[in-house]
Amino acid sequence: MIAMTTITILLADDHAIVRAGLRLLLEAEPDFEVVGEAADGVEAVAEAIRLHPTVVLMDVTMPRTNGLDAAAQVSRSTDSRILMLSMQDDLGYVRRAFAAGASGYVLKEVVHSQLVSAVRTVAAGERHLDETLEARLAADHAKQLRDRSNPLSPREHAVLTLLALGHTNREIADQLSISIRTAETHRAHIMQKLELNTRADLVRYALATGRLHNTAA
């Protein structure tokens, strides 16, 4: 018979009742052993270094040192895998958690089976993220790529087209019903965003992106 490998766990949460509930749930699993608890980030780092658990289940928001900073310290000092447990579904927290060295991120609203699965996943050296958060991250990443490939606003696109067609700032202002100063500001922003230096550069960009062709059509 193959011996079962024990997954040791350190619980880091500033609420004693949460730690007690987590311990009860996790220790119901035959291969899970909660070896320690911490009530703040400083204790979490110290206990992780002392105990070297397989997994540190770390709350994001804790006193003294928050969970994200504590995760970074644990990641640098131990081989423990870090699973962040949080009520925060903000993508900024998720990104910071993985940047700090976490292997997973779960919300406190998950059901018992999902938490157990997440612990097993990170203990095995894999990455875990709630499906909803993962979908939101993917969508946000796609949006960022689109924004980088098309950095201009609709109004800036209109100004770019008129500039490339040879219109002056005054003519652009008249056509778009804006002030000359606003037209000049748009032009400066376009040049900066596209890293262009001259009107000839603008024309080449407009031709390369099909903007002059589209306008003529």
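Strand β5 (residues 104-107) and strand β6 (residues 128-129) run parallel and are joined by two bridges. Strands here are DSSP runs marked E of at least two residues, helices are runs marked H or I of at least four, and both are numbered from the N terminus. Two strands count as paired if DSSP finds at least two bridges between them. Across this pair, Y105 stands opposite L129 in β6. The model is predicted: local features need pLDDT of at least 70 and side-chain atom pairs pLDDT 80 or more, while totals for chains, interfaces and linings use all residues. Residues are numbered from 1 along each chain as its sequence is written, and side-chain values use heavy atoms, leaving out hydrogens and water.

β5 also pairs with strand β4 (residues 81-86), in the parallel sense and over four bridges. There, L85 stands opposite V106 in β5. The chain passes from β4 through helix α4 (residues 91-99) to β5, and this β-α-β crossover is right-handed. A crossover is right-handed if, with the strands pointing away from the viewer, the path from the first strand over the helix to the second runs clockwise. The unit made of β5, helix α5 (residues 112-123) and β6, by contrast, is left-handed. β5 is covered on both faces, with G104 and V106 buried on one side and Y105 and L107 buried on the other. Buried means under 20% relative accessible area, exposed means over 50%, and partly exposed lies in between (1.4 Å probe, protein chains only).

These strands belong to an open sheet of six, in the order β2-β1-β3-β4-β5-β6, with parallel pairing. Which strands stand at the edges? They are β2 (32-38) and β6; each has a single partner strand, so one side of each is left without a neighbour in the sheet.

Strand β1 is joined to β2 by six parallel bridges and to strand β3 (residues 55-59) by four, also parallel. On the β2 side, I9 has V34 as its bridge partner. On the β3 side, L10 stands opposite V56, and A12 has M58 as its bridge partner. Six of the six residues of β1 are buried: I7, I9 and L11 on one side, T8, L10 and A12 on the other. With α1 and β2, this strand makes a right-handed β-α-β unit.

The loop between β1 (7-12) and α1 (16-26) holds H15. H15 is partly exposed, with a relative accessible area of 42%. Its C-alpha atom is separated by 9.6 Å from that of A38, 23 residues apart along the chain.

Further along, helix α9 (residues 180-194) has 15 residues and reaches 21 Å from its first C-alpha to its last, close to the 21 Å expected at 1.5 Å a residue. The expected span is 1.5 Å times one less than the number of residues. Which residues of α9 are buried? They are A183, H186, I190, M191 and L194. Seen down the axis of α9, these buried residues fall within an arc of 135°, so they line one face of the helix; the arc is that of the directions from the helix axis to the C-beta atoms. An α-helix has 3.6 residues a turn, so residues three or four places apart point the same way. The face of α9 turned away from the buried side carries the exposed residues R181 and Q192. Just after α9, E195 takes a positive phi of about 55°.
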